[in-house]
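Here is a guided look at one protein model, taken piece by piece. Have the sequence and the 3D view open as you read.

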Amino acid sequence: MTLTIAGLQHDGVSGDVDANLAILADAAREAAARGARILVTPEMFVTGYNIGERLAPLATEELFDRVAEIAADTGIAVVAGLPEPLPGGGLANALVIVDSDGTELLRYRKTHLFGDLDRGLFEAGDALPRAIDIDGVRVSVLICYDVEFPETVRAAALDGADVVIVPTAQMEPYAHIAERLIPVRAWENQVHVIYVNRVGTEDDLTYVGRSSIVSPEAEILASLDSTTTGLLIATIDPEVTKRAREENPYLRDRRPELY
């Protein structure tokens, strides 16, 4: 089995949930028509990311229900970045995976918060996700800054992931993360990495785009530039992951007792 995944690189509309969900629904229909099984949004796409005090009133459980409705209506699974209200108060920078029938498969809360922006808005998650099976392909997820820690992608690879999906809101001056670090993460763990970024500006942030889908051999399977909005699509083949781990045996040759 293989799994075709689309990423939506977009600027969204800061603070406008209805507009962002309409963009998501249109992209879902296009991705499904182009043969994708899953559509991935950037980090915090449903509400906007750098929107300060406007965020809290928008963060409701209804957001998850509305994403599920889009997935069911368009017949494609969705990985959406959005805020999650926490039971004890506060918010998590989260993502949800919803299957094509509207069933929620996984929620994940960003575990590594970046700078004052993240720490001023969110509570950190306290657990990395387990990989889940979608059509015979092992799928794991991280959010933005999470992927910059080698341990997170390594944990996903050790859990058998074929692909790590990373919604992000990477901004200037960190284009080198998108350009150079993401292929390294794929290569050193023999895993596909799907890195889906925002473009445009949001308050004082300028996003760098450069979304990509990278193979376990660090080959760029699909990418977009720093300004284009639209879809990037590639097919994930578990046999490629398996072959890469045979040819480049980092996981087998590790000596964790030394670390």
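This is a predicted model: local features need pLDDT of at least 70, side-chain atom pairs count only at pLDDT 80 or more; totals for chains, interfaces and linings use all residues.

## Before we start

Let's begin with an open sheet of six strands. Reading across, the order is β5-β4-β3-β2-β1-β14, and the pairing is mixed. At the edges you'll find β5 and β14 (230–236), each with a single partner strand, so one side of each has no neighbour in the sheet. From one strand to the next, the twist averages 25°.

Strand β3 (residues 77–85) pairs with β4 in the antiparallel sense, over eight bridges, and the bridge partner of P83 in β4 is N93. On its other pairing to trace, β4 (residues 91–98) meets β5 (residues 104–109), again antiparallel, over five bridges. There, V96 stands opposite R107 in β5. β4 and β5 make a hairpin with five residues between them, and G102 in the turn has a positive phi of about 90°.

Helices lie across this sheet too. Helix α1 (residues 17–33) lies across β1 (3–9), β2 (38–40), β3 and β14, and runs at about 140° to β2. Helix α3 (residues 62–74) lies across β3, β4 and β5, at about 170° to β3.

## The sheet from β6 to β13

Now for another open sheet of six strands, also with mixed pairing: its order is β6-β7-β8-β9-β12-β13. Which strands stand at the edges? They are β6 (132–134) and β13 (220–223); each has a single partner strand, so one side of each is left without a neighbour in the sheet. Here the twist averages 20° from one strand to the next.

## One face of helix α5

Which residues of helix α5 (residues 150–158) are buried? They are T152, V153, A156 and A157. Seen down the axis of α5, these buried residues fall within an arc of 135°, so they line one face of the helix. As a rule, an α-helix has 3.6 residues a turn, so residues three or four places apart point the same way.

What do the buried residues of α5 pack against? Their partners are β7 (137–141), β8 (163–167), α6 (175–189), α7 (238–247) and α8 (250–253). After the helix comes G160, with a positive phi near 90°.

## Salt bridges across the chain

Side chains of opposite charge can pair when their charged atoms come close. How many salt bridges does a search of the whole structure find? The total is 18. One of them joins D99 and R37, with the closest N and O atoms 2.9 Å apart. This pair links distant parts of the chain: D99 sits in the loop between β4 and β5, R37 in the loop between α1 and β2, and they are 62 residues apart. D99 has a relative accessibility of 17%, so it counts as buried, the cut-off being under 20%.

R138 and D159 also meet through their side chains, at 3.9 Å from N to O. Are the two buried or partly exposed? R138 is partly exposed, at a relative accessible area of 26%, while D159 is buried, at 16%.

## A buried arginine

Finish at R198, in the loop between β9 and β10 (201–202). R198 is buried, with a relative accessible area of 0%. Its side chain meets that of E202 in a salt bridge (3.6 Å, N to O), and both E202 and R198 are buried. A polar atom of the R198 side chain also lies 3.1 Å from the backbone oxygen of E43.

Technical notes: Residues are numbered from 1 along each chain as its sequence is written. Side-chain values use heavy atoms; hydrogens and water are left out. Two strands pair if DSSP finds at least two bridges between them. Helices (H or I, at least four residues) and strands (E, at least two) are DSSP runs, numbered from the N terminus. Axes are lines fitted to C-alpha atoms, for helices over the stretch in contact, and angles run from 0 to 180 degrees between N-to-C directions. Buried means under 20% relative accessible area, exposed over 50%, partly exposed in between (1.4 Å probe, protein chains only). A polar contact is a pair of N or O atoms within 3.5 Å; within protein, one must be able to donate a hydrogen and the other to accept it, and residues adjacent in sequence count only if both atoms are side-chain atoms. Contact means heavy atoms within 4.5 Å. The arc is that of the directions from the helix axis to the C-beta atoms. A salt bridge is a side-chain nitrogen of Lys or Arg within 4 Å of a carboxyl oxygen of Asp or Glu.
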